[in-house]
Structures are given as structure tokens and as C-alpha cells.
Amino acid sequence: QVQLVESGGGLVQAGGSLRLSCAHSGRTFGNYAMGWFRQAPGKEREFVAGIQWSGGSARYAESVKGRFTISGDNAKNTAYLQMNNLKPEDTAVYYCAARISAIVATTDGLYRYWGQGTQVTVSS
């Protein structure tokens with residue numbers, strides 16, 4: 001069993017920054033990908049960013065390119081999402097997810113393990 005626990009959400013003004021963390025524990029597997037998704041009220045969950053854990057190759061949604069950065073710390077088994085220049089439209093519940101594959105997928109159905117989510121609210 002794999003557990004994912006997000007933290008770091010909160011309320012921030014437009015233009016501000018937040019860093020989300022996703023600590024993963026439990027079963028370890030050799031090659032996998034971590035992803036961040038978000039879901040705003042009344043909208044479908046959408047891909048934000050993902051990283052190939054072993055190689056570090058990252059992928060981003062167009063809406064966050066240049067503002068968000070995903071990274072991972074092997075020693076701490078933790079993935080991060082650094083969010084800069086936040087906009088009100090970034091307001092959502094953010095989820096981290098993991099899949100047993102080296103490929104970073106943008107479809108949430110391809111991720112097997114999920115965290116509980118953390119709320120990010122950006123005020124204008």
C-alpha cells in the first residue's frame with residue numbers, strides 16, 4: 001500500500017507563492033511518476049504537472065508553464081510543487097498522485113495512488 005500526504009496549501013493573494021509537498025510512504029517501486037492535479041468547484045480534475053521520479057523529466061500544463069515547478073527529493077520521498085505568480089484561477093483543491101510507470105501521464109485515470117488533497121485559494 002502506498003500513502004500520499006499533501007501539505008502546504010492555504011490562502012494567498014494574487015501574485016504570491018506557495019509550495020505544496022507530497023510525502024509518499026509504504027510500498028516502494030523502482031520506476032514511477034508523480035503528478036499534481038487540481039479540481040476547482042464545478043470543474044473536472046485537471047493535470048497540472050508531473051515528474052518522472054528516476055530521471056527527473058517534468059511535464060506541465062500550458063496554464064502553469066513558467067509559473068509552477070515540480071521537483072522531487074529522493075532522500076525525503078517527497079515531491080514538491082512550487083507555485084509562483086499565483087492567479088485567482090489557480091484556486092482549487094490540489095492532489096498529488098503516483099503511477100507505476102516511468103511515463104508522466106496527464107490523464108488522472110492512469111494514476112493509481114492519490115493523496116487527500118490540499119486547498120489552495122488565491123484572492124484577487
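Guide: In this predicted model, the side chain of T78 reaches the backbone oxygen of K76 at 2.8 Å. T78 itself belongs to strand β8, which comprises residues 78-83. Its relative accessibility is 10%, and because buried means under 20% relative accessible area, T78 counts as buried. Leaving aside neighbours within four places in sequence, T78 is in contact with S21, C22, A23 and H24, with W53, and with S71, G72 and D73.

C22 lies in β3, where E6 stands opposite it. Strand β1 (residues 2-7) and strand β3 (residues 18-26) pair in the antiparallel sense, over 6 bridges. The two faces of β1 may also be told apart: V2, L4 and E6 form the covered face, whereas Q3, V5 and S7 form the uncovered one. In a regular strand the side chains alternate between the two faces of the sheet.

A loop residue may be considered next. V64 is found in the loop between β6 (58-60) and β7 (68-73). With a relative accessible area of 0%, V64 is buried, because the cut-off for that term is under 20%. Not counting residues up to four places away in sequence, V64 touches R38 and V48. Between V64 and R38 there are 26 residues of separation in sequence, while their C-alpha atoms are 12 Å apart in space.

Terms used:
Residues numbered from 1 in each chain as written. Predicted model: local features only at pLDDT ≥ 70, side-chain atom pairs only at ≥ 80, totals over all residues. Heavy atoms only, no water. Helix = DSSP H or I, 4+ residues; strand = E, 2+ residues; numbered from the N terminus. Buried < 20%, exposed > 50% of the residue type's maximum accessible area, 1.4 Å probe, protein only. Contact = heavy atoms within 4.5 Å. Polar contact = N/O pair within 3.5 Å; in protein donor to acceptor, adjacent residues only side chain to side chain. Pairing = 2+ DSSP bridges.
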